[in-house]
Amino acid sequence: MENQLKYKIAISLVKGLGPKLIRNVVAYLGDVEAVFKEKEKVLAKIPGIGTKQASLIANSSPLERAEQEIEFLVKKNIEACFFLDDRFPSRLNNCDDGPVMIYKLGAHSLSGKKLLSVVGTRKVTEEGKQNCRNLIRDLSKNNPHVTIVSGLAYGVDICAHRAALEFGLPTIAVLAHGLDRIYPNMHRGVAKDLLDHGALVTEFMSETNPDKPNFVKRNRIVAGLTDATLVVESAVKGGALITAHLAQSYNRDVLAIPGRVDDEFSKGCNKLIKTNVAALVESAEDLVYALNWEPEKNKTGERQLSMFDEPSGEFGVIYRLIRQEKEASVNFLSITTGIPIAKVSSMLLQLEFDGLLKSLPGNRYRCL
């Protein structure tokens, strides 16, 4: 098996052989080892190869480097998966440009039933952080086995990983470098924590730096590893929109949280929604509905209480009005509903104790 792994790693190192071509070559020859043992003339006849590429394959010598990598993998207890292996995530094999080799540190599976990518700007606003955390918190209540996938970068990425860890959801970080380092270094603590509840994943070997082109390659794994990608905040250009369009090209669901029209880091999300690339979501309820996810069962086999159960009676009237308005003052709620202001204040306090509302400056409230 180690000998086969050597050839699997080696073929990913041959210059000029991209994922699509590697798949074609292996399919044509029937075995990855044959690629390095076949005559140059035979290689040249493979569709998409040609004389020049056949010469590169025949004269390349990546096997020694592959053997060095295996030593590193064994030492660090890292799992290597080739695209033909049973353990390789099937979702990635459905992507035309998906990686042929991935490396994983951590025991969590990459082929769970519910995987959600959460991406966005590195310059996330406080509102964006809150939206990301609240959505993941609410999602965890009825879907405790949803795996949150992101890129361990600044901004939305790290917010998503931290929220997943806080609310007990497994989380996978897809890296743009080898597993012998963590970038950015200040996220090393989160990376260590998520190994107990998820995994670190990359297609890059050890000694690979987080160079700029690698992040675009990383994004296609973030998009392809899951059934849906949620964009929390984004400008009109950036890695999050690249990931969203990649997900769309893979026929995966794309979701986006809208924002104010004059917010720089909402314009990307608004554009995705306006051009019908992404479905509009404002809550975990919207996301679950868009993806047609059924609530999971708890340990006793009973369906959990819906996280979307609303307060009844006048409490429900107040709660729905605040949700509709995004934010509302005590005076506005009293005038609109006709409920005395003293009673509204008391009801708001109770809803806040129940974890449904958050009080804001100016005697205003918003839903959590």
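**Loop residues, salt bridges and helix packing**

Glu207 is found in the loop between β6 (198-202) and α11 (212-224). Helices (H or I, at least four residues) and strands (E, at least two) are DSSP runs, numbered from the N terminus. The model is a predicted one, in which local features need pLDDT of at least 70 and side-chain atom pairs count only at pLDDT 80 or more, while totals for chains, interfaces and linings use all residues. Residues are numbered from 1 along each chain as its sequence is written, and side-chain values use heavy atoms, with hydrogens and water left out.

Phi of Glu207 is positive, near 70°, in a residue other than glycine. Glu207 has a relative accessible area of 59% and is exposed; here buried means under 20% relative accessible area, exposed over 50%, and partly exposed in between (1.4 Å probe, protein chains only). Lys326, which is likewise not a glycine, has a positive phi of about 75°. Lys326 lies in the loop between α15 and β10. The peptide bond from Tyr183 to Pro184 is cis, with omega near -5°, and Pro184 lies in the loop between β5 and α10.

The structure holds 18 salt bridges, a salt bridge being a side-chain nitrogen of Lys or Arg within 4 Å of a carboxyl oxygen of Asp or Glu. Lys326 takes part in one of them, with Glu282, and the closest N and O atoms of this pair are 2.4 Å apart. This pair links distant parts of the chain, 44 residues apart: Glu282 is in the loop between β9 (279-280) and α14 (284-291), and Lys326 in the loop between α15 (313-325) and β10 (328-329). Both partners are partly exposed, Glu282 at 49% and Lys326 at 46% relative accessibility. Salt bridges that share partners join Glu79, Arg87 and Lys104 into one network.

A salt bridge also forms between Glu69 and Arg65, with the closest N and O atoms 3.2 Å apart. Glu69 and Arg65 are four residues apart in helix α6 (residues 63-76) and are therefore separated by about one helical turn. Glu69 is buried, with a relative accessible area of 1%, whereas Arg65 is partly exposed at 22%.

Glu166 forms a salt bridge with Arg133, the closest N and O atoms being 2.6 Å apart. The two residues are 33 apart in the chain, Glu166 in helix α9 (residues 156-166) and Arg133 in helix α8 (residues 126-142). Glu166 is partly exposed, at 46%. Among the buried residues of α9 are Val156, Asp157, Cys159 and His161. What covers them includes β3 (115-119), α8, β4 (147-150), β5 (171-174) and α10 (188-194). Gly168, with a positive phi near 75°, follows α9.

Helix α16 (residues 330-337) packs against helix α17 (residues 341-353) at an angle of about 120°, with the axes 9 Å apart. Axes are lines fitted to C-alpha atoms, for helices over the stretch in contact, and angles run from 0 to 180 degrees between N-to-C directions. The two helices are therefore oblique to each other; angles under 35 degrees count as roughly parallel, over 145 as roughly antiparallel, 65 to 115 as roughly perpendicular and the rest as oblique. In the contact (heavy atoms within 4.5 Å), Val330, Asn331, Leu333 and Ser334 of α16 meet Ile341, Val344, Ser345 and Leu348 of α17.
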